There are 2 protein chains.
Amino acid sequence: MEPTRADARGNRARILEVAEDVFGRGGSAASTEEVARLAGVGIATVFRHFPTKRELVEAVLVKHFNRLCREARSLADAADPGRAFFDFFRRLVADAAGKLAIIEAFADAGGDAAGRASQGPRDLREAVGVLLGRAQDAGAVRTDVRLDEVYALIVGASRAAAHLRLDEPVRSRTLGIIFDGLAPR
Amino acid sequence: MEPTRADARGNRARILEVAEDVFGRGGSAASTEEVARLAGVGIATVFRHFPTKRELVEAVLVKHFNRLCREARSLADAADPGRAFFDFFRRLVADAAGKLAIIEAFADAGGDAAGRASQGPRDLREAVGVLLGRAQDAGAVRTDVRLDEVYALIVGASRAAAHLRLDEPVRSRTLGIIFDGLAPR
């Protein structure tokens with residue numbers, strides 16, 4: 001029996017969902033075979049949707065950043081802009097290990113960081129800028145800090161959390177120091 | 001003419017010094033051939049001192065961390081413990097790109113992060129702990145922060161500076177936020 005278009009769409013979505021989890025945990029050590037197995041499809045089905053591992057991981061990366069951007073945008077009209085900004089900062093750092101593992105897998109599969117996958121980080125940075133501006137307008141963040149350094153703090157806390165495998169209490173105290181530094185004097 | 005022992009010692013020191021610079025700039029893309037050329041010795045001389053690239057980069061890494069540890073220890077009886085702590089924090093972040101490039105070259109050459117090269121980071125963390133304790137005793141740093149989170153901040157700022165290639169003004173403003181967060185309330 002021929003697969004229907006709806007089957008194909010369902011397969012593609014399931015493969016991507018599983019792949020996000022597999023590459024987010026395994027990084028460059030994770031395999032397309034594992035994705036196929038856990039998605040309950042044959043390897044040929046994965047390759048029909050994503051002819052190379054690079055294309056599969058790129059689609060995962062784009063999906064991952066799209067979700068983070070949607071989350072950031074949904075917070076842009078939150079009633080408490082300070083809380084929205086700090087919650088999203090915390091959210092990004094909690095997500096860091098998975099995101100960095102996917103980025104590592106992408107680089108290892110020969111992915112081009114300047115290609116299609118570069119739009120997500122740019123969009124995310126911009127969305128964080130909107131949350132920052134609103135938090136500053138609301139008096140929850142010092143007005144003399146710019147997105148450049150705030151983004152550097154997010155990237156730094158994210159990479160430290162992933163590299164040092166910080167447990168939740170240490171991660172939380174680390175963010176507490178940064179948040180105190182961002183609070184109005 | 002046979003090389004004397006003093007010649008050999010001089011060669012070894014020069015090779016290590018050049019290698020620190022070459023791998024600190026080039027990371028895993030740098031080659032032992034380039035080290036030999038810039039040190040003004042033949043490749044055979046490099047291999048006589050360091051039979052593999054892994055051993056050469058490991059010696060560079062050990063040397064690099066030893067110097068940072070010596071610097072930290074020399075600050076342990078500084079007259080102004082707050083300044084010594086913050087200056088050394090800034091120093092470590094300014095040094096980050098080179099150090100991370102050497103670490104990358106070491107991993108790429110098959111280096112074992114749990115082996116001989118693991119002592120340097122441990123000693124450095126301990127030396128930072130001494131500076132932190134003195135800065136806290138002097139009232140320059142909040143007494144409710146621990147070395148775990150301070151070290152996470154150093155690692156994070158270092159990795160952000162290297163990954164984002166922060167220019168000096170942004171790096172300085174990023175550190176300014178962290179230092180404000182570490183200051184007593």
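**Entry 1, how the copies meet.** I began with the interface: 100% of the interface residues of chain B are also interface residues in chain A, so the copies meet through the same surface. Contact here means heavy atoms within 4.5 Å. I noted that this is a predicted model, where local features need pLDDT of at least 70 and side-chain atom pairs count only at pLDDT 80 or more, while totals for chains, interfaces and linings use all residues. Residues are numbered from 1 along each chain as its sequence is written, chains are lettered from A and ligands numbered from 1 in the order in which they are written, and side-chain values use heavy atoms, with hydrogens and water left out.

I found Glu20(A) in helix H1, residues 5–26 of chain A. Helices here are DSSP runs (H or I, at least four residues), as are strands (E, at least two), numbered from the N terminus. Is Glu20(A) buried or exposed? Glu20(A) has a relative accessible area of 10%, so I wrote it down as buried. The cut-offs are under 20% relative accessible area for buried and over 50% for exposed, with partly exposed in between (1.4 Å probe, protein chains only). Leaving aside residues up to four places away in sequence, Glu20(A) touches Val60(A), Lys63(A), His64(A), Arg67(A) and Ile102(A).

Lys63(A) lies in helix H4 (residues 53–74) and Glu20(A) in helix H1, so the pair ties together parts of chain A that are 43 residues apart in sequence. A salt bridge is a side-chain nitrogen of Lys or Arg within 4 Å of a carboxyl oxygen of Asp or Glu. Lys63(A) is partly exposed, at 26% relative accessibility.

Next I checked Glu20(B), which meets Arg67(B) in a salt bridge of 2.8 Å, N to O. The pair links distant parts of the chain, helix H1 and helix H4 of chain B, 47 residues apart. Glu20(B) is buried at 9%, and Arg67(B) is partly exposed at 27%.

Then I turned to Asp148(B) and Arg125(B), whose side chains meet at 2.6 Å, N to O. Asp148(B) lies in helix H8 (residues 147–163) and Arg125(B) in helix H7 (residues 119–137), so this pair ties together parts of chain B that are 23 residues apart in sequence. Asp148(B) is partly exposed at 35%, and Arg125(B) is partly exposed at 30%.

How many salt bridges does the structure hold over all chains? I noted 24. Arg142(A), Asp144(A), Arg185(A) and Asp180(B) are linked in a network of salt bridges.

Last, I looked up the largest nonpolar core, which has 114 residues. Such a core is a set of buried Ala, Val, Leu, Ile, Met, Phe, Trp, Tyr and Cys residues joined through side-chain atoms within 4.5 Å. Among the residues with the most contacts inside it are Phe89(A) and Phe89(B).
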